[in-house]
Structures are given as C-alpha cells and as structure tokens.
Amino acid sequence: MYRPGRCAPRITGAHAWVECGITQELAGGDHVIVVARVLRMDVGSGDPLVFHKGRLGSHQEPSGA
C-alpha cells in the first residue's frame, strides 16, 4: 500500500522516506543528472531491509563485546 506524498508516493510501513524538490537538471552524456534539495524526511520504527551479496535480509546489532 502507499499514500500520496508531496513529490512521490510513500510506501506504507517503509523504514524511512525522503521528499525532494528538483533544483537542477544537467546533461550527462546519454543520462540526465538531477540535483535535488531535501524538503522533508522521517524514519519509522522496525528493522530496515538490507540487500547484501545478492540477498535480502535484516540488520541485527552485534551481540556484546
């Protein structure tokens, strides 16, 4: 599920979100380089999803030293 955001939809339950406003677009060969300013951002609760070595998993704090 998602809900509308100011610039793009926000995914329900996402660990974090960032809304940006485009300040400049530059030609970069066969690409366009977009420079943006962060307008709003926030973090949620829960564990983030981690992509590592071609697999999805979750982050775990290391156990005591």
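## About the model

What you have here is a predicted model, in which local features need pLDDT of at least 70, side-chain atom pairs count only at pLDDT 80 or more, and totals for chains, interfaces and linings use all residues. Numbering starts from 1 along each chain as its sequence is written, and side-chain values use heavy atoms, with hydrogens and water left out.

The predictor's confidence in each residue, from 0 to 100, is called pLDDT. Its average for the protein is 83, and 92% of the residues score at least 70.

## Strands and overall shape

You will find six strands and zero helices in the protein, giving the pattern β-β-β-β-β-β along the sequence. Both kinds of element are DSSP runs numbered from the N terminus: helices are H or I with at least four residues, strands E with at least two.

The radius of gyration is 17 Å, whereas a compact globule of 65 residues would have one near 11 Å. That radius is taken over C-alpha atoms, and the globule rule is 2.2 Å times the number of residues to the power 0.38. The C-alpha trace spans about 50 × 30 × 25 Å along its principal axes.

## Surface and contacts

Of the 65 residues, 5% count as buried. Here buried means under 20% relative accessible area, exposed over 50%, and partly exposed in between (1.4 Å probe, protein chains only). The accessible surface comes to about 6000 Å², and carbon and sulfur atoms account for 56% of that. These areas come from the Shrake-Rupley method with a 1.4 Å probe; for residues, only the protein chains shown count as cover.

A contact means heavy atoms within 4.5 Å. Of the contacts with a separation of 6 or more, 20% are between residues 24 or more positions apart.

Let's look at R10, which is found in strand β2 (residues 10–11). R10 counts as buried because its relative accessible area is 12%. Beyond residues up to four places away in sequence, R10 touches M1, Y2, R3, G5, W17, E19 and R40.

I11 is found in strand β2 too, but I11 is exposed, with a relative accessible area of 62%. Not counting residues up to four places away in sequence, I11 touches M1 and Y2. The C-alpha atoms of I11 and L39 are 17 Å apart, and 28 residues separate the pair along the chain.

V32 is found in strand β4 and counts as exposed because its relative accessible area is 54%. Leaving aside neighbours within four places in sequence, V32 is in contact with E25 and L26. From V32 to R55 the distance is 29 Å, C-alpha to C-alpha, for 23 residues in sequence.

Where does K53 sit? K53 has its place in the loop between β5 (49–52) and β6. Its phi is positive, at about 50 degrees, although K53 is not a glycine. K53 is exposed, with a relative accessible area of 73%.
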